[in-house]
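Below is a report on selected residues and on the spaces inside one protein model. Look through the sequence and the structure before reading on.

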Amino acid sequence: MISAAHHLPLTVPLKQDATIIGLVGLAHASSHFAHLLLPLMFPVFMKEFGLSYSELGLLMTTFFVVSGLGQASAGFVVDRLGARPLLFVALGIFVVACSAASMVNGYSGLLAVAALAGLGNATFHPVDFTILNQRVSAPRLGHAFSAHGLTGNLGWAAAPLFFATISSLYSWRTAYLAAAAMYVGILLLLILHRDKLKTQVVRRHADVQTEHDLAFMKLPVVWWCFGFFLLSTMTLAVVQSFSVSILKAMHGVSFEAATLTLTAYMLCGAVGMFVGGFIAARTANSDRVVAIAMGAAAVLLALCGTGIFGAIGTMVVLAGTGFAVGIGGPSRDMMIKKATPKGATGRVYGMVYSGLDVGFAISPILFGVFMDRGWYGATLFGAAAVLLLSVVAALGVGRRTSGRPGRA
């Protein structure tokens, strides 16, 4: 028999929930910050080490392949050892990765940094959601998921400012050392509040027959969830990787203005997640909220692909797409919670969220072909089509969890 944490009473003080949400949010922001440890320095690496675009692309493929494989595995460890130890190990790996990045002298060193950073990134979703599901009271879970997604976007937004500022004042190597120091500070803060991060672990009784650890993989709903993350992330990867180039090519937008549009997309996504937290807390049909939000975002992306809005209109509408996607974020996490068998939080979240890494790994390769051929509008149409497929996946999850309370 598997014993899991009991649900917290509804009278948990707001301060306690807020502290836990804040600590987990900080950890999540640090993982998103790590996504950009290497890409932000690509122009420097090309000049410093004479690298090609394909070599730089392989760095990110390495990051996300390691992260995806590690994430699927990390969930099992979280269920057995608890979330807190893996969180501390992951932050320690980021410290090592940033320190190593400050000393690299060639491509092999960068590949090692990419693998290390991907390994550190692997644990965060099963760790974060195990802590939130076990330690935050049920009425505040929607807001917890909202804050979790919001802080991730803020981590993405903070990285360019961090590296641009320190690199311009000192050097790119110093920027990596500063990032290592930042991760040390975050690790020490979480250790100081480690009592807030403790989770129950899966315990097995020797005299009782139990299901195999991989039994959850027989559930179709798990693979519908995986498919949703893979498809929706492919669209996000298009926006992150190619939106700047598309705006420049289709509308002659300056690099600075196009980059600002991408930042606006992330910030609008954060605002959307804040609003979506209130919606998730008050809506039982999480899958329908996700479907409506992603469907609206797909329509906006397709309209951007037509070019009918012109330069300024396209930039505004593209940023608005981030808001639509953000609204669906907290309901998405509530949807996954409903699909999670009791006592398998780490394993399910690890497997499902590895779809995110797969999406990030394959989307640039697939849509990079479109970009190489100059099919800029078609790239946005393709991203919209993939996002519509994620709507189908979300509704598929909803059909298989209808009337089922969150059990994680």
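Leu 81 is found in helix 3, which spans residues 53-81; helices here are DSSP runs of H or I with at least four residues, numbered from the N terminus. Leu 81 counts as exposed because its relative accessibility is 56%; exposed means over 50% relative accessible area, buried under 20% and partly exposed in between, with a 1.4 Å probe and protein chains only.

The model is predicted, so local features need pLDDT of at least 70 and side-chain atom pairs count only at pLDDT 80 or more, while totals for chains, interfaces and linings use all residues. Residues are numbered from 1 along each chain as its sequence is written, and side-chain values use heavy atoms, with hydrogens and water left out.

The largest nonpolar core has 120 residues, and Leu 87 and Leu 190 are among those with the most contacts inside it. Such a core is a set of buried Ala, Val, Leu, Ile, Met, Phe, Trp, Tyr and Cys residues joined through side-chain atoms within 4.5 Å. Helix 9 (residues 220-251) gives the largest share of this core, 17 residues. Beyond its neighbours within four places in sequence, Leu 87 is in contact (heavy atoms within 4.5 Å) with residues including Phe 124 and Leu 190.

Ser 243 also lies in helix 9. Ser 243 is buried, because its relative accessible area is 4%. Its side chain reaches the backbone oxygen of Val 239 at 2.5 Å. Outside four places in sequence, Ser 243 is in contact with Val 238, Leu 262 and Leu 318.

The table lists the two spaces described next.

| Space | Volume | Lining residues by class |
|---|---|---|
| Largest pocket | About 1800 Å³ | 31 nonpolar, eleven polar, two charged |
| Largest cavity | About 430 Å³ | 14 nonpolar, 15 polar, one charged |

On a 1 Å grid over the protein atoms alone, a cavity is a set of points where a 1.4 Å probe fits but cannot get out; a pocket is an open set with protein on both sides within 12 Å along at least five of seven lines, and lining residues have an atom within 4 Å of a point. Of the 44 residues lining the largest pocket, Phe 42 and Gln 240 are among those nearest its centre. The largest cavity is lined by 30 residues, and those closest to its centre include Trp 156 and Arg 332.

How values were computed: Helices (H or I, at least four residues) and strands (E, at least two) are DSSP runs, numbered from the N terminus. Grid points are joined across faces, edges and corners, and a volume is the space filled by probe spheres set on the points. Ala, Val, Leu, Ile, Met, Phe, Trp, Tyr, Cys and Pro count as nonpolar, Asp, Glu, Lys and Arg as charged, and the others, Gly among them, as polar. A polar contact is a pair of N or O atoms within 3.5 Å; within protein, one must be able to donate a hydrogen and the other to accept it, and residues adjacent in sequence count only if both atoms are side-chain atoms.
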